[in-house]
Amino acid sequence: KVAQLAADCTAVISCVGAIGTSNDQIVNSGTGIAALAAKEAGVQQFVYITVAPEVKELAKGIDFLKSYMDGKSFSRETVLSSFPKATLIEPTFIYGGDEFALNP
């Protein structure tokens, strides 16, 4: 489906990510899967809004974040292998939802 949606696009931007889903690894691997489809569709540029290296370092050893980080790592590797000149934006965290709280 992504390849069809990206068929006439010159660039794709992905900010897919979530923590605390029933399968964080699959959810956070979504950008990598989208990158493969975008490449197949002939897209020229890919922008990936991912996670800062500092967050990855901090998350080491925190079981709750392992699946999240595994998915993010898969996506990063896949994006860069499909689009070697991809633009990576690496904020610490992006938080959204229906309610505001000091802790996501």
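**Exercise 1.** In which hand of crossing, left-handed or right-handed, does α3 pass α5?

*Solution.* Note that the model is predicted.
- Step 1. Find helix α5 at residues 63-82; α3 packs with α5 at an angle of about 15 degrees, and their axes are 7 Å apart.
- Step 2. Angles under 35 degrees count as roughly parallel, so α3 is roughly parallel to α5.
- Step 3. The crossing of α3 past α5 is left-handed.

**Exercise 2.** Identify the residues where α3 and α5 meet.

*Solution.* 
- Step 1. From α3, list G30, T31, G32, I33, A35, L36 and K39.
- Step 2. From α5, list F74, S75, T78, V79 and S82.

**Exercise 3.** Is T31 buried or exposed, and what does T31 touch?

*Solution.* 
- Step 1. Locate T31 in helix α3, which covers residues 30-40.
- Step 2. The relative accessible area of T31 is 0%. Buried means under 20%, so T31 is buried.
- Step 3. Set aside residues up to four places away in sequence; T31 then touches S14, V16, F46, Y48, S75 and V79.
- Step 4. With one of these, S14, the side chain of T31 makes a polar contact of 2.6 Å.

**Exercise 4.** Which residues of α3 are buried, and what do they pack against?

*Solution.* 
- Step 1. The buried residues are T31, G32, A34, A35, A37 and A38.
- Step 2. Their packing partners are α1 (2-5), β1 (11-14), α2 (24-28), β2 and α5.
- Step 3. Nonpolar side chains tend to be buried together in soluble globular proteins.
- Step 4. Here the largest nonpolar core has eleven residues, including A35, A38, F46, Y48, V79 and F83. At least two residues of this core come from α3, and at least two from β2 (45-49).
- Step 5. Another core, of seven residues, lies apart from it; A52, V55, A59 and L65 are among them.
- Step 6. Beyond its neighbours within four places in sequence, A35 contacts F46, V79, S82 and F83.

**Exercise 5.** Classify K39 by its accessibility and find its contacts.

*Solution.* 
- Step 1. K39 also lies in helix α3.
- Step 2. Its relative accessibility is 45%, so K39 counts as partly exposed.
- Step 3. Leaving out neighbours within four places in sequence, K39 is in contact with S82 and F83.
- Step 4. K39 and V79 are 40 residues apart along the chain, and 9.4 Å separates their C-alpha atoms.

**Exercise 6.** Which residue just after α3 takes a positive phi?

*Solution.* Look at G42: its phi is positive, about 90 degrees.

How values were computed. Residues numbered from 1 in each chain as written. Predicted model: local features only at pLDDT ≥ 70, side-chain atom pairs only at ≥ 80, totals over all residues. Heavy atoms only, no water. Helix = DSSP H or I, 4+ residues; strand = E, 2+ residues; numbered from the N terminus. Buried < 20%, exposed > 50% of the residue type's maximum accessible area, 1.4 Å probe, protein only. Polar contact = N/O pair within 3.5 Å; in protein donor to acceptor, adjacent residues only side chain to side chain. Contact = heavy atoms within 4.5 Å. Core = buried A, V, L, I, M, F, W, Y, C linked by side-chain atoms within 4.5 Å. Axes fitted to C-alpha atoms, helices over the stretch in contact; angles between N-to-C directions. Parallel < 35°, antiparallel > 145°, perpendicular 65-115°, else oblique. Left-handed = near helix turned anticlockwise from the far one by under 90°.
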